[in-house]
Amino acid sequence: MALEIRPSQALRLWRQVHLDLVRDGQADLSARQTAILLTIYLELPPHTVRGLAQQLGVTKPVITRALDTMGKLGLVTRRRDEFDKRNVVIQRTVAGALAVERLADMITQHTRELSGI
């Protein structure tokens with residue numbers, strides 16, 4: 001069953017989820033970092049810096065900077081591709097999976113509140 005919401009409800013949902021993210025005491029991710037994290041965790045691997053840059057329509061240095069921050073937070077790790085040393089492969093971590101799950105839980109909770117479920 002698809003849930004239909006008005007644009008104003010969608011914006012309220014977006015706002016409430018972001019407020020929760022700000023208030024939860026975890027490190028804040030930028031919109032770009034969140035998009036990268038979700039791409040890594042929602043789409044099948046392998047993920048490379050080159051592939052992520054192409055998919056998100058940004059440069060490789062932009063992806064690298066975002067991954068630097070995300071790596072320090074333990075959300076992803078990187079390693080050289082053993083078959084093609086030019087490629088950097090991005091790997092998932094338990095902390096990253098938990099962060100994505102936490103985000104999904106927030107969205108689900110606030111969606112239920114909006115729809116009165």
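Residues are numbered from 1 along each chain as its sequence is written. In this predicted model, local features need pLDDT of at least 70 and side-chain atom pairs count only at pLDDT 80 or more, while totals for chains, interfaces and linings use all residues; side-chain values use heavy atoms, with hydrogens and water left out.

**Figure 1. Overview of the protein, with 5 helices and 3 strands.** Helices (H or I, at least four residues) and strands (E, at least two) are DSSP runs, numbered from the N terminus. The order of elements from the N terminus is α-α-β-α-α-β-β-α. The C-alpha trace spans about 50 × 30 × 20 Å along its principal axes. Of the 117 residues, 29% are buried; buried means under 20% relative accessible area, exposed over 50%, and partly exposed in between (1.4 Å probe, protein chains only). The accessible surface is about 8,000 Å², and carbon and sulfur atoms hold 56% of this surface. Accessible areas come from the Shrake-Rupley method with a 1.4 Å probe, and for residues only the protein chains shown count as cover. Among contacts (heavy atoms within 4.5 Å) with a separation of 6 or more, 55% join residues 24 or more positions apart.

**Figure 2. The crossing of helices α2 and α4.** The axes of α2 and α4 (residues 60–72) come within 10 Å and cross at roughly 80 degrees. Axes are lines fitted to C-alpha atoms, for helices over the stretch in contact, and angles run from 0 to 180 degrees between N-to-C directions. The two helices are therefore roughly perpendicular to each other, since angles under 35 degrees count as roughly parallel, over 145 as roughly antiparallel, 65 to 115 as roughly perpendicular and the rest as oblique. Helix α2 contributes R32, Q33, I36, L37 and I40 to the contact, and α4 contributes V62, I63, A66, L67, T69 and M70. By class, the contact has 8 nonpolar, 2 polar and 1 charged residues. Ala, Val, Leu, Ile, Met, Phe, Trp, Tyr, Cys and Pro count as nonpolar, Asp, Glu, Lys and Arg as charged, and the others, Gly among them, as polar.

**Figure 3. T39 in helix α2.** T39 belongs to α2, which covers residues 31–42. The residue is buried, because its relative accessible area is 12%. The T39 side chain reaches the backbone oxygen of A35 at 2.7 Å. Apart from neighbours within four places in sequence, T39 is in contact with H47, L52, Q55 and L56.

**Figure 4. The cis peptide bond from P45 to P46.** Omega for this bond is near 10 degrees. P46 is in the loop between α2 and β1 (47–48).

**Figure 5. D24 in the loop between α1 (7–23) and α2.** With a relative accessible area of 26%, D24 is partly exposed. The D24 side chain makes a polar contact with the side chain of R102 at 2.9 Å. A polar contact is a pair of N or O atoms within 3.5 Å; within protein, one must be able to donate a hydrogen and the other to accept it, and residues adjacent in sequence count only if both atoms are side-chain atoms. A polar atom of the D24 side chain also lies 2.8 Å from the backbone nitrogen of Q26. Not counting residues up to four places away in sequence, D24 touches R102 and M106.

**Figure 6. T93 in the loop between β3 (88–92) and α5 (94–115).** T93 is buried, with a relative accessible area of 16%. The side chain of T93 reaches the backbone oxygen of G74 at 2.5 Å. Leaving out residues up to four places away in sequence, T93 touches Y41, G74, L75, V76 and T77.
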